[in-house]
Amino acid sequence: MSLSNPTRRAFIQGGAAMFGATSLMGSTALASIDPNSFSGRTFHASHFGPFEAVVRDGKLVGINTMMELDARPTEMLTYGIMDRTYDKTRVNYPMVRKSYLEGWETGDTKPELRGKEEWVRVDWDTAWSLAAKALLDTAANHGNEAIFSSSYGGWSNAGVFRPNVLQGRLINLMGGCTNTAGDWSAGAGQVVMPHIIGDMEVYSAQSAWETIRDETEVFVLVGCDPIKNNRIEYRVADHGMYAHWEEIRDAGVKFISINPQRTASDEYLNSELTRITPNTDTALFLAMAYHALENGWDDKEYMAKYTVGADKWIAYVKGETDGTPKTPAWAAKITGIEEQQIKDLCELIATSKTAIAGSWAIQRAQHGEMAYWSIVNFQALLGKIGKPGQGVGFSWHYGNGGMPQGGNATPVGMSQGRNFVKKIVPASRITEALENPGMEIFYNGQNNVYPDIKMIFNAGNNFMSHQQDTNRLIRALEKVETIVCVDVWWTAATRWSDIVFPASSTLEQDDITSGGTYSNDRVYAMKKVIEPIADSKPDYEIFEGLADKLGLWAQFTDGEDKMYHIKLAYEASGAAKEIPFEEFWEKGYARMPVPTEARKWTRHGAFYENPEANPLHTSSGKVEMFCDTIADMKIEDCPGMPMWMEKHEYLGNAKKGQLHVVSPHPWFRLHSQMANSERLRDLYMVQGREPVRINAQDAADRGIEDGDLVELYNKRGTVIAGAVVSDDIMPGVVSIYEGGWPQLDSKGRDNSGLANFLTSTQRASGLSEATTANTTLIEMRKCEDPEGPNMAYDPPAIIADMDVASIDDEKLGLDRLAALTEALYADMTPGEKMFFERCTVCHAPREVTHYTQQQWKGITPSMFERAGLEDDERALIMEYLMANAADAPK
């Protein structure tokens, strides 16, 4: 290492000034609320809410909720945070899979034993050395595109310094890697909606709740369950909408729920339930459109002014183009909803001030784009989009949708820098990509080619619990030479890895974040509460050490410690204008204002008031009821307007005895997070397995009683779950929460209840390549032969005392990096730097060349709002995006 490229060791030995990480760590001003209370309290914030951690003798002993910041804390905060901190599933030391450790020099690492064999405890230098060698071997022998990051999304913790961001920063310093495109949450919606209505919509602010209370007469929930799903947040949950949902309900707004099962929101909001066959929402809205046209409820003037392509879609609805009128009688056979009920529902919506909330769940299905598009077209047909209290919204269940927007700048993360690899893998196509290197793929209007993936780097992401058809994925992973995982716990992803870095939980490191995905009205200090457990390290230190091994320490850290970067992050926020960092850090949080006018904001309202001055970011500037752009792509399973298309498997073509399984977000978890809290599992698990909701008649037909263990199975796999028999789910449908941790028994059955052993890798369409997790048929029977208790929440077998020889750095070939990265780097423009700091750390596209100029114009309005950017900052980023988009002049 030269003096111009200093190491971490030299920095520490040089006595660099450390910004008071420990001096700022102690008690908070809020402890003084109770003058007699124990003073060992430290402010922290999480996906599950802000809190004060109570620490005695260096150990976390309690979680104090904070009414002034979160009036509706959940059990995930009060039980889960403490449980998982000390759970037996913690990864306490650097670990290497036994065969990988024995064969790293020869290459005989036996990848087929992943998930089966023992782990060996090693020291940090060994883990860093093996990971560095794997990165360099892969880049040198196969190119950087052979390194695949499965770390999309960043849900692992609420902080700015998320592990996926730090990983991106490090790997991009060595030339980059193949990334995912899109995501699991709303993969179909986020691709199609910019074409249709000019915004991703799925991550966009919703109309301010007061406009719903004061203007709305009917609120329709299409698969939408905001009361359950808003229990958690991408940043920090504060449950701010709960009281407002009550106000809306008590103001007399009528709630209609279109869903196969009654939800928590239905109970909370007194919804009237319309049971629908899963995956048939498009047929319902087509039929209601037909009935509205028959009765003259369509708004022709509105469509002429605000939409394009209405005539083509209406001709299809009437059956003029295919000979099949989309009548309520036609839809009744598909949806399971009676003809008269469809007519009555249409009349209620058409003749009332109606808002429709679409869930992300309905687009996690084959042809999921059509479901969203049909809702938009139906409301456009009725002339409701953009009017106060009416229209459409696809994010009411996320980020406390409905809270007024603060528009404030939020803390800035570390820039991930430029990724020189342009190949992508759509998030739901990981297995397909592993199986088919070199295969051409069409995604979001562009052609791409799958790379030949030789290494997977996974930081803070349990991709093994959300990838569909898990058995197929396990088989596909055998061709991967190295899998590295950075995580706190022995999740499925860590168990199927080769090298595991034990990360500290957020309670064991300092970080910073903000509150309110849409309100953006608070900045939170995530202060270190306890020392790292066992030999774990904060994510920043893990990547700092790996950067040091690769000779990239100075570039990765900018020669500074993490607290320096935390302070910089705060200074970029709106709170810093009024409150000095030291004051903020001592208190633990800072509030930011929300403009008064935000309380009256209506989604698409500016467009409705003046479409010429405020056009949508679509090709036409209007709602595209028929979209030429999509039609011209000539995608067989995604036409240029919303149409009903048969699913590859659903109740409409099911064999006798088959059931449709849906896998909604869980009540007591954030996907797979909190599954290792024993006290939480005691609240919902049945005989130690995931609960599956079953209609009483379906259960009786199979001799199943409430509390029995059952097997759900199809050609893809088998899972064992615990029966919850209920009349609140329609016959023919079962519901099991996604995100469980798996444990395979000797017969290959998942003994824990992970739904994705059943789900299919069928794509939503050739436009989005998104997941179809909710398009799944299964059979069910009582489980007569379970092989013991569920062991998914026990640690794997570990060899703690194996004699491991030190690795000679000469065998790592670390000097190869200079040759690999030579001539890669150029100065980043201000807009480029800002884009990677502010806009790529959440549910936003990370690669500018994957989208056209028009698509970026549709993505950026909500993206900029979430990032809290000023007008001049938006202009700089937009300049960069327009100059580098897929269709930018070269």
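Tutor: Before we start, contact here means heavy atoms within 4.5 Å. Keep in mind too that this is a predicted model.

Let's pick helix H11, residues 281–294, which lies across S8, S9 and strand S12 (354–358) and runs at about 130° to S9. Those strands belong to an open sheet of 5 strands, ordered S10-S9-S8-S12-S13, with parallel pairing. At the edges stand S10 (272–274) and S13 (391–393); each has a single partner strand, so one side of each is left without a neighbour in the sheet. On average, neighbouring strands here are turned by 20° against each other, ignoring direction.

Take H16 (residues 368–381), which lies across S8, S12 and S13 and runs at about 170° to S12. The H11 and H16 axes come within 8 Å and cross at roughly 15°. Angles under 35 degrees count as roughly parallel, and H11 and H16 are therefore roughly parallel to each other. The crossing of H11 past H16 is left-handed. On the H11 side you'll find Asp 281, Thr 282, Phe 285, Met 288, Ala 289, Ala 292 and Leu 293, meeting Met 370, Ala 371, Ser 374, Ile 375, Phe 378 and Leu 381 of H16. Sorted by class, the residues of this H11 and H16 contact come out as 10 nonpolar, 2 polar and 1 charged.

Now for H14 (residues 328–335). Its axis and that of H11 come within 9 Å, crossing at roughly 165°, and H11 and H14 are therefore roughly antiparallel to each other. H11 passes H14 in a left-handed crossing. For this contact H11 brings Ala 283, Leu 284, Leu 286, Ala 287, Tyr 290 and His 291, while H14 brings Pro 328, Trp 330, Ala 331, Ile 334 and Thr 335. The class count for H11 with H14 is 9 nonpolar, 2 polar and no charged residues.

Note on methods
Residues numbered from 1 in each chain as written. Predicted model: local features only at pLDDT ≥ 70, side-chain atom pairs only at ≥ 80, totals over all residues. Heavy atoms only, no water. Pairing = 2+ DSSP bridges. Helix = DSSP H or I, 4+ residues; strand = E, 2+ residues; numbered from the N terminus. Axes fitted to C-alpha atoms, helices over the stretch in contact; angles between N-to-C directions. Parallel < 35°, antiparallel > 145°, perpendicular 65-115°, else oblique. Left-handed = near helix turned anticlockwise from the far one by under 90°. Nonpolar A, V, L, I, M, F, W, Y, C, P; charged D, E, K, R; others polar.
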